[in-house]
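Here is my note on the model you sent. Please read it with the structure open beside you.

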Amino acid sequence: MIEKERRTGGLGEVLPPLSEHEARVEAYRCLFCYDAPCTHACPTHIDIPGFIKKIATGNLRGSARTIMEANILGATCARVCPVEELCEGACVLNAEGRPIMIGRLQRHATDHLFENGIRLFTAGPPSGRRVAVIGAGPAGLACAAELARLGHAVTLYEKRELPGGLSTYGIIVLREPVEVALAEAEMIAQLGVDIRTGRELGRDLTLDALLGEYDAVFLGIGLGGSPALGIPGEELVLDGLTWIERSKFEPEKMEVGNEVYVVGAGNTAIDAATIARRLGAERVTILYRRSEREMPAYRHEYEFARREGIDFRFLTQPLRVLGENGRVTGIECVRMRLGSPDASGRAAPEPVPGSEFTLPADQVIKAIGQEKPALIAELGLATERGFVKVDEAYRTSIDRVYAGGDCIRARGAASTVMATQDGKLAARAIHEHLGAAAAAAE
């Protein structure tokens, strides 16, 4: 492998910002529906016709306020939400084939705040109550912001060097630059939230100590690392999330192969493949053991990857990674066929006897999901399918401990916008609990 010259396009944001004129023209297309289906489709229930109408009248500050009252991470979600599946997918103008560009309009309004240093929100009157939030990803940041606006003193602990979670470390730059995630975290710090990085629950902090110091604890701990492929030669395989993180912080130091294979067919796999392609790989192929119908990636992501020149080999499972002197030289695979449905409800892949074959390769990346965090069991929390079990108020099995985000997503797809909504609603539940506790103490 050699360091390659970057392809045209690089790793900058795919979609350019809308100009003021473009944003107004697009906003005027909106029908401003009563009981708008786009608002119902948004997990955070932003008043989408309301914020678009404000753009049409030139009130960008008011538009951003409408967005961020519902979704404090509106700048991130404008970029990373699967709008094709949510708000834009529900737009009535889909009948004409041209839904409103809701995501790009949301970005236009929220970017106006950060570009002009506008502060919309302040902390509420002090309640005298203290809450610890663990994890500075979308769920933790949203929870901390909502609690601060309600007047509670919040300390947010993050194990990584920077806040933002996957928005900072795990979302490809083509969708969201690091600066956007960090600007949102800084905005939340300006509400008085004390963000302490390099502090990890289970290593630097204990739950018992936190419960002794704080009135409530919120866990937004996300998920764990990538599971093992469990095949010979795995030590030569790169981790997809680590690959994406390096592309965000040190792309100039990345080596990219000529023949790159990515194992997995979710959105992270497509992101990893896109990075390899854009940084100069001659051929990038995604290997998936099921068929196109079962792949977990969004359809629009699959179509994007195809346009990038990424190939797909379905019904293919790696058996062994071949290498010499610490370098990948090939990947041995077996063809698969689909059998009866498994526990996921999808047809279970089965190897076809005698169908083994070898592909030449000089780089293999795995992106096959994330494991449940070991911390869940260490804390003694009740679980559901390996995730933290919570009730309708986001309460865990431990008194005064709440949770939200990917770590509770036993059902449904994990996403930034769902984590943000969890954090917001959990904060309101904590606020209600603290109020009730205060009243009972009087």
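This is a predicted model: local features need pLDDT of at least 70, side-chain atom pairs count only at pLDDT 80 or more; totals for chains, interfaces and linings use all residues.

1. Strand β7 (residues 283-287) runs parallel to β8, and three bridges join the two.

2. Now the whole sheet. It is open and has five strands, in the order β5-β13-β6-β7-β8. The pairing is parallel. β5 (238-239) and β8 (311-313) are the edge strands. Each has a single partner strand, so one side of each is left without a neighbour in the sheet.

3. Next, β13 and its two partners. β5 pairs with β13 in the parallel sense over two bridges, and Asp239 stands opposite Lys366 of β13. On the other pairing, strand β6 (residues 259-263) and β13 share four bridges, again in the parallel sense. There, Val260 has Gln363 of β13 as its bridge partner.

4. Are the faces of β13 covered or open? Both faces of this strand (residues 363-366) are covered. Gln363 and Ile365 are buried on one side. Val364 and Lys366 are buried on the other. So note that Lys366, the residue opposite Asp239, counts as buried, which means under 20% relative accessible area.

5. Helix α14 (residues 299-307) comes next. Its buried residues are His300, Glu301, Tyr302, Phe304 and Ala305. After the helix comes Gly309, with a positive phi near 90°.

6. Helix α8 (residues 138-149) deserves a check of its length. With 12 residues at 1.5 Å a residue, α8 should span 16 Å. Its end C-alpha atoms are 16 Å apart, which agrees.

7. How many residues of α8 are buried? The count is 11 of its 12, so the helix is mostly covered. The buried set includes Pro138, Gly140, Cys143 and Glu146. Leu141 and Leu147 are also buried, as are Ala139, Ala142, Ala144, Ala145 and Ala148. Gly151 follows α8, and its phi is positive, near 100°.

8. How do α4 and α7 cross? The axes of helix α4 (residues 60-70) and helix α7 (residues 102-116) come within 8 Å and cross at roughly 105°. The two helices are therefore roughly perpendicular to each other. From α4, the contact uses Leu60, Arg61, Ser63, Ala64, Ile67 and Met68. From α7, it uses Gln106, His108, Ala109, Thr110, His112 and Leu113. The contact residues divide into six nonpolar, five polar and one charged.

9. A word on spacing within such a contact. An α-helix has 3.6 residues a turn, so residues three or four places apart point the same way. Compare Leu60, Ala64, Ile67 and Met68, which are among the α4 residues in the contact.

10. Last, Arg337 in strand β10 (residues 327-341). Is Arg337 buried, exposed or partly exposed? Arg337 is partly exposed, with a relative accessible area of 43%. Leaving aside neighbours within four places in sequence, Arg337 is in contact with Leu315, Ala348, Pro349, Glu350, Pro351, Val352 and Pro353. Arg337 and Ala347 are 10 residues apart in sequence, and their C-alpha atoms are 9.2 Å apart in space.

Key: Residues are numbered from 1 along each chain as its sequence is written. Side-chain values use heavy atoms; hydrogens and water are left out. The expected span of a helix is 1.5 Å times one less than its number of residues. Buried means under 20% relative accessible area, exposed over 50%, partly exposed in between (1.4 Å probe, protein chains only). Axes are lines fitted to C-alpha atoms, for helices over the stretch in contact, and angles run from 0 to 180 degrees between N-to-C directions. Angles under 35 degrees count as roughly parallel, over 145 as roughly antiparallel, 65 to 115 as roughly perpendicular and the rest as oblique. Contact means heavy atoms within 4.5 Å. Ala, Val, Leu, Ile, Met, Phe, Trp, Tyr, Cys and Pro count as nonpolar, Asp, Glu, Lys and Arg as charged, and the others, Gly among them, as polar. Two strands pair if DSSP finds at least two bridges between them.
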